[in-house]
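The sequence and the structure come first.

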Amino acid sequence: MLKKALVTGSSGGIGRAIALKLASQGFDVAFHYNRSGEAASKASQEAATHGVKAIALQADVTNPDQAKSLVERTAENLGGLSVVVNTVGNYLGKPTSQTSIEEWHEVIDSNLNSTFYITQAALFYLKAANWGRIVNFACASAQNVVARRTNTAYVIAKTGVIIYTKSLAQELIKDNITANVVSPGIAENSFDVEEMIPKLPAKRAATLEEISNAVWFFISPDADYITGQILEVSGGWSL
């Protein structure tokens, strides 16, 4: 099994926790950033203490050419690529009728299109490795088609990620590649964490470790037979 991973949006937060988790499991890891170069460099240095190769690479993954280049540089520097985790995605909480065209495109680009660009570019390398794992990020309840009052574009993008991932899962199982989705609810680093905690059945936010553990499950040998699935880490958000 080739242990080479790219985690987008991994200079901080959830992405950083996932990349460090993979490093602790013996994976060489590319930490991706757009603007936070210093943070990504520090995170990669921490990952290297596990005895793996860790690099920090910059790209605007909403740009298809830069996304492709990021994948290519990752594979070149790490000696291949077998795991892709897409965590990039900006949130917009705004009434649907008040969302501007620019805001709509930005949310769709950062959440859905970036996932498509990175994954499509990575498929060549995952197939070459004869083993691969794709883990994409949606959000709690994105699989439920219901009205949204203030985050329509965001949830549409995340629902699109789910459909895209399921389609990949069906197509790629013959290549020994699985594709799954992790859907967090409120995490400890969410901007509205204090406001939302009383509304959660669990009465607390998810830790970054809990979310990274969910991602690791899909990557681990324990999930060899699992593909096209959604794992919510939401403390009962959708119940």
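## Contacts and overall fold

In this protein, 71% of the contacts with a separation of 6 or more are between residues 24 or more positions apart. The model is predicted. Its secondary structure amounts to seven helices and seven strands. Read from the N terminus, the order of elements is β-α-β-α-β-α-β-α-β-α-β-α-α-β. The protein is as compact as a globular protein of its length, because its radius of gyration of 17 Å is close to the 18 Å that the globule rule gives for 239 residues.

The C-alpha trace spans about 45 × 35 × 30 Å along its principal axes. Of the 239 residues, 51% are buried.

## Surface and charge

The protein exposes about 11000 Å², and 51% of this area comes from carbon and sulfur atoms.

In soluble globular proteins, nonpolar side chains tend to be buried together. The largest nonpolar core here has 32 residues, and the members that touch the most others are Leu22, Phe27, Val85, Val182 and Ile219. At least two residues of this core come from each of β1 (4-7), α1 (13-24), β2 (28-33), α2 (37-48), β4 (83-86), β5 (132-137) and α7 (208-219).

Which residues does Ile219 touch, not counting residues up to four places away in sequence? They are Leu22, Phe27, Val83, Val85, Trp131, Arg133 and Val135. Among these, Leu22, Phe27 and Val85 are also on the list of core members with the most contacts to other members.

Ala169 has a relative accessible area of 4%, so it is buried; the cut-off for a buried residue is under 20%. Apart from neighbours within four places in sequence, Ala169 is in contact with Ala179, Thr227 and Gly228. The C-alpha atoms of Ala169 and Glu209 are separated by 25 Å, and the two residues are 40 apart along the chain.

Thr74 is placed in helix α3, residues 64-78. With a relative accessible area of 0%, Thr74 is buried. Leaving out neighbours within four places in sequence, the contacts of Thr74 are Ala5, Leu6, Ala30, Leu57, Gly79, Gly80 and Leu81.

## Two loop residues with positive phi

Ser141 is in the loop between β5 and α5. Although Ser141 is not a glycine, its phi is positive, at about 75 degrees. Is Ser141 buried or exposed? Its relative accessible area is 8%, so Ser141 is buried.

Asn176 is in the loop between α5 and β6 (177-184). Phi of Asn176 is also positive, near 65 degrees, in a residue other than glycine. Asn176 has a relative accessible area of 40% and is therefore partly exposed.

## Charged residues with exposed area

Glu102 is in helix α4, which covers residues 101-128. Glu102 counts as exposed because its relative accessibility is 59%, and the cut-off for exposed is over 50%. Between the C-alpha atoms of Glu102 and Thr159 the distance is 20 Å, with 57 residues separating them along the chain. Lys199 is found in the loop between α6 (193-196) and α7. Its relative accessible area is 57%, so Lys199 is exposed. Lys199 and Trp216 are 17 residues apart in sequence, and their C-alpha atoms are 28 Å apart in space.

Glu46 lies in helix α2. At a relative accessible area of 38%, Glu46 is partly exposed. Not counting residues up to four places away in sequence, Glu46 touches Arg16 and Leu20. Glu46 and Met196 are 150 residues apart along the chain, and their C-alpha atoms are separated by 32 Å.

Note on methods. Residues are numbered from 1 along each chain as its sequence is written. This is a predicted model: local features need pLDDT of at least 70, side-chain atom pairs count only at pLDDT 80 or more; totals for chains, interfaces and linings use all residues. Side-chain values use heavy atoms; hydrogens and water are left out. A nonpolar core is a set of buried Ala, Val, Leu, Ile, Met, Phe, Trp, Tyr and Cys residues joined through side-chain atoms within 4.5 Å. Buried means under 20% relative accessible area, exposed over 50%, partly exposed in between (1.4 Å probe, protein chains only). Helices (H or I, at least four residues) and strands (E, at least two) are DSSP runs, numbered from the N terminus. Contact means heavy atoms within 4.5 Å. The radius of gyration is taken over C-alpha atoms; the globule rule is 2.2 Å times the number of residues to the power 0.38. Accessible areas come from the Shrake-Rupley method with a 1.4 Å probe; for residues, only the protein chains shown count as cover.
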